[in-house]
Amino acid sequence: FGFKEEDITIGMFGLMSPHKNYLHALRTLNLLPPQYKLLVIGEAHHMSIKEWKVDPVVQEMLIFLDNHPALADRVVFTGKRDDEKYYEDLANIDFVLLPSFEVGQSGSATLSNALELGCAILKSNTSNCKGYESYFPNCFEVFDIGNYYETKHKIINYEKAKINNLKIRTD
């Protein structure tokens, strides 16, 4: 993706849906130092594609980037990735960011995959946190939905012990 060794990568994965709160990721990135980069790995959700219309999630992100041109070179949209590339990206990212809104989902494929791969994970405090925390205690950071200042702080001060806790649980 053209990153430098000193760059720190944050990834959001999967179909682009409004509940995933991509604007939160962009607002967080805007608060972080320039070496932080965002990868948006996935494509517009097929249920959102309408004739002669730009996907609303894509449009929201592009408007934000147009209004914050300094961020444009710090964001990479990969589009659809095959399974091998998806897992390779997930395994090599510095942080997995899941800033979703509450929608009543009991799980997250990206969260499950990231836990399995031992990734550094930050997620919003949706109702599915409790289930994951019971099986994977102290293995990821949680922040209040929409609080990108808190997210920035938790990225900068991420406890590497959380990754070690996860490795102990999965070994």
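Helix 1 (residues 22–31) lies across strand 1, strand 2, strand 3, strand 4 (95–98) and strand 6, and runs at about 165 degrees to strand 2, where contact means heavy atoms within 4.5 Å and angles, from 0 to 180 degrees, are taken between N-to-C directions of lines fitted to C-alpha atoms, for helices over the stretch in contact. Helices (H or I, at least four residues) and strands (E, at least two) are DSSP runs, numbered from the N terminus. This is a predicted model, in which local features need pLDDT of at least 70 and side-chain atom pairs count only at pLDDT 80 or more, while totals for chains, interfaces and linings use all residues. Residues are numbered from 1 along each chain as its sequence is written, and side-chain values use heavy atoms, with hydrogens and water left out.

Seven of the 10 residues of helix 1 are buried, so this helix is largely enclosed by the rest of the structure; buried means under 20% relative accessible area, exposed over 50%, and partly exposed in between (1.4 Å probe, protein chains only). The buried residues are Tyr 22, Leu 23, His 24, Ala 25, Leu 26, Thr 28 and Leu 29.

Six strands form an open sheet with parallel pairing, in the order 3-2-1-4-5-6, two strands being paired if DSSP finds at least two bridges between them. Strand 3 (75–79) and strand 6 (141–143) are the edge strands, each pairing on one side only, and the twist averages 25 degrees from one strand to the next.

Strand 1 (residues 8–13) and strand 2 (residues 36–41) run parallel and are joined by six bridges, with Gly 11 standing opposite Leu 39 in strand 2.
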